[in-house]
Every structure is written in structure tokens, then in C-alpha cells.
Amino acid sequence: MSMSILSKIFLGFLSLVFIISGCKDGVSEKKDEVTTIVFKHGKIAGEPRALLDIIAEFEQQNPDIKVKDEPLPASTDEQHQFYVINLAGKTTDFDVLSMDVIWVPEFARAGWLKDVSSALPEEQRIEFFKGPMDAVTYNEKVYAIPWYIDAGVLYYRKDLLNKYGFYPPETWDELVTISRTITLKEKDLYGFIWQGKQYEGLVCNVLEYFWSNGGDVLKNGNVIIESPENIEALTFMKNLITAYNVTPELVLTSIEESTRHIFGNGKALFMRNWPYAWNVFNKEGSPVRGKVGVSVLPFFKGHKAASTLGGWQLGINKISKHPEAAEKFITYLTSPPVQKKLAITIGYKPTRKSLYKDEDLLREQPFIVGLYNVFLHAKPRPVSPYYMAMTQVMQPEFSAAISGKKAPEQALRTIQRGFEKILKDLNP
Ligand code: GLC
């Protein structure tokens, strides 16, 4: 009797083990069918839902792949820090990463990126703007696919310029005159806001003044940053804040999003920013809806306008465990229909040139026509695996100069020496 109870218990135990292990197998089999990839990218301004919808569509088209969307902070400097720490630490926690245009040579040289040349065969590369294409190419191999392109532009309040009988300014001096005239008459309105915090965005701003005054940073491998043109340009930026009463001091701690909020609340006449902000300004409920114009940045008399080339590229962690799924995903996100959707919803501007003739896009965003030329001629920051070392020399000096802590000529001299040392260390 007791034996039969024991054997029943034993049999019961065996079948339980069987059921559990059977279950386990069932689950793991299912799991094996689906590959999950992790996608890291900077936080999206305005319409984050749109990207999630685009990802959901990819998952529908590829039922064997799931994408985990993991946004990072919006600031490029913070994102860079995250990637350097984690990629150097050989993480496999993410598969796909969105990279600023200035990082790809550095990450490729470090061996952190998968070569994706075959995902973008040579004959297709011509479809992209040259600037970002150069930025993703290192030692003749392609290490990322250009996702969206940026260039500095000038936002202005159409309604206010009309009211006072002005056209958008062509030169920096005109911008000063218009700002001073209108802000004297309008209450609670800043003249011109831009990104002046000590970070990468400041470098993008400063270079636009250098270039639009005929200056530059490097030429044929020589450092030419300490030049009369650059001194004049940097002094002008400082004077916008300290002498001309055109730019409020708050720009010294401003980044893209903080200036976008001020302008978007109707509190500024002019703003320098990237093209994404236009979509946010024209959304329903926006206080400046229909009142915003976009134009090329002004220049110093006798010179030409110049915009810094920005933008983001999609690459794959070299030691990702799911390189095929990751490649499918970056190919999808950079495909013409998805770039078009991103342009309409989030305002990310396509890296594919043909989309600037797309009728739907032109109807939704007529100013995109003018941007084509701005993107075509946008100037890159030095394309080098050592760019981060260079920007770290520039950022504190530019910040000290525009805030009046250091004379612009002194700041530029320090950068000149710093750059010469970097170049010397590279080619002793
Ligand atoms: C934008 C640009 C990027 C630049 C950054 C600076 O995100 O696309 O290239 O480095 O702004 O803040």
C-alpha cells in the first residue's frame, strides 16, 4: 500500500519534471525564433511616437525581429561619453547605434563598428549627400549609413519682419540692426538666440562665423585658426551678447532644445538652429505656428554664408550578436520611404538627395527646396579620428571668449597651439 503511494509520488514527480522541462523547451524554442536587437539613439524632440510607429512597421515586416528602442540624452557630448565607455568595455548590450557625423572615423579606427560596405554598394553611395558619405567612410570602407542630415539655419519671425518692413537679413550687421530696431518696440522679445553653452553645439555655431568671414581651422594639414578673420568673427559673437544688446546672456548656457523652447514660445525674433525645429513650430497649438520663416545664415560683408554640417548615421556594434538583423534594420531606417516619413513627422532631413524632389515632401515642407543647397554646401568639422581631441581644445576657449572671460585673440592662440600639438603628436 505504502509502496504504491510512494511509486505514485515518484511517477508524479517524474511527470512534473517532464512537464517543466517540456515547457522550458517550448519557451526556448519560441525565443529562438525571434531575435531582439537593441537600438540606441538620442532623444527625439517633439514627436517621439513617430519613430516607434516606424519601428513597429519594421517588426510587422520582419516578424522574426523585435527592436528595443533605448533613447539616450539629446546632447551629443553625453551620448559620445556613453558610447566610448561602453564600446571600449566591449558591451553587447546594444546592436544598432546612431552616431553624430563627427564620431564615425574615431569609432571605426577603434574597431568598434561593423564594416557595412556591402549594405551600401558603391553605386548606391552617390544617392547620398557627399558630406555625410565622406564622414562614414574610413580607409575606403563604409562604417555607417547616413540617416539624417543637419546644417545650421536661421529661423526668423515672418510676422514681425513684415510688420516692421524688413526682409530676412543677408549680413550679420543687418541682423544686428533689425534685432535692435524690433526689440526696442516689441515687449519681451529677445533679438537673436543661439547655442552658446560649452559643448559641441557651440563649436558648430562658432565655425559658421569663422567660415562666413573667410576664416577656417585647418588648411592642407596646417593649423590656421589664429587668423584676423577668426578673431574678428569671435569678437563679433562676444559683442552680440556684451555690446550690441542683441543676444541675451542666457545663450551662454543654451543648447538646441532650450533655444527652441524660447523661440517656440514666441520670445525671440531670430534663432540659429538645425532644421528639425521647423516641424515643432508648425504643429497644432504652437504659439508660432505659421509665423516662422527659415533662411540661410547671414555672412560678414564681402564673404559667403556657411553652415556647419551635422547629422546622424546608423552603425552596428562590431560584436553585436545579431549583425544580420541589425543590418536589415539600418537598411530599413535609411530607405527612401522611411526617410520621407521621418522628414514629415519628426523633421529629420533626408540624407538621400532625390527626396528633395519628392512631391509630398515639398507640399508638407516647402522650405526643404532651399535646404538642398545648404546641405550640399554645408561645411564639415575636421573629419578625423582625432576630432574629439580637437573639439575638447576648442570648447572651453570659445566659451571663455564669448562670455568675455578671455580675449578672443588669446583664446584662438591657445587653440592654435593645442591643435599644433595634436598634429605633432600624430606625425612626430
Ligand atoms: C546636432 C547635429 C550634430 C552636432 C550637434 C551639436 O545634433 O546633428 O552633428 O554635433 O547638433 O550639438
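Modeller: Start in helix α2, residues 48–61: aspartate 53 and arginine 49 both sit there, four residues apart, about one turn of the helix. Keep in mind that this is a predicted model.

Colleague: What does aspartate 53 form with arginine 49?

Modeller: A salt bridge. Their closest N and O atoms are 3.1 Å apart.

Colleague: How many salt bridges does the count come to?

Modeller: The count comes to 18 salt bridges. Another one joins the side chains of glutamate 70 and lysine 40, at 2.8 Å from N to O.

Colleague: Where do glutamate 70 and lysine 40 lie?

Modeller: Glutamate 70 is in strand β2, residues 65–72, and lysine 40 is in strand β1, residues 35–42, so the pair ties together parts that are 30 residues apart in sequence. Lysine 40 is buried, with a relative accessible area of 10%.

Colleague: Which other lysine meets glutamate 70 in a salt bridge?

Modeller: Lysine 68, through its side chain, at 3.2 Å from N to O. Lysine 68 is partly exposed, with a relative accessible area of 45%.

Colleague: Which residues are linked in a network of salt bridges?

Modeller: Lys340, Asp358, Asp360 and Arg363.

Colleague: New topic. Strand β7: how many of its residues are buried?

Modeller: Five of five, so take β7, residues 153–157, as mostly covered; buried here means under 20% relative accessible area.

Colleague: Which residues point which way from β7?

Modeller: Val153, Tyr155 and Arg157 point one way, and Leu154 and Tyr156 the other way. All of these are buried.

Colleague: What pairs with β7, and in which sense?

Modeller: Strand β11, residues 268–273, pairs with β7 in the antiparallel sense over four bridges. Within β11, asparagine 273 is the bridge partner of valine 153. Strand β12, residues 292–295, is also antiparallel to β7, and four bridges join the two. There, valine 294 in β12 stands opposite tyrosine 155.

Colleague: You mentioned α9. Where is glycine 201?

Modeller: Glycine 201 is in helix α9, residues 200–211. Glycine 201 is buried, with a relative accessible area of 3%.

Colleague: What is glycine 201 in contact with, leaving aside neighbours within four places in sequence?

Modeller: Gln195 and Glu256. Glu256 is also one of the residues closest to the centre of the largest pocket. As for serine 75, its C-alpha is 8.8 Å from that of glycine 201, and the two are 126 residues apart along the chain.

Colleague: How many cavities of 30 Å³ or more?

Modeller: One. The largest cavity has a volume of about 90 Å³.

Colleague: What lines the largest cavity?

Modeller: Val101, Ile102, Pro105, Gly131, Ala135, Leu309, Pro380, Arg381, Pro382, Val383 and Ser384. That lining divides into eight nonpolar residues, two polar and one charged.

Colleague: Last bit, the whole protein. How many helices and strands?

Modeller: 18 helices and 14 strands. The C-alpha atoms fill a box of roughly 105 × 60 × 45 Å, taken along the principal axes.

Colleague: How much of the protein counts as buried?

Modeller: 51% of the 428 residues. On contacts with a separation of 6 or more, 73% come from residues 24 or more positions apart.

Note on methods: Residues numbered from 1 in each chain as written. Predicted model: local features only at pLDDT ≥ 70, side-chain atom pairs only at ≥ 80, totals over all residues. Heavy atoms only, no water. Salt bridge = Lys/Arg side-chain N within 4 Å of Asp/Glu carboxyl O. Buried < 20%, exposed > 50% of the residue type's maximum accessible area, 1.4 Å probe, protein only. Pairing = 2+ DSSP bridges. Contact = heavy atoms within 4.5 Å. 1 Å grid on protein atoms, 1.4 Å probe; cavity = no way out; pocket = protein on both sides within 12 Å on 5 of 7 lines; lining within 4 Å. Points joined across faces, edges and corners; volume = space filled by probe spheres on them. Nonpolar A, V, L, I, M, F, W, Y, C, P; charged D, E, K, R; others polar.
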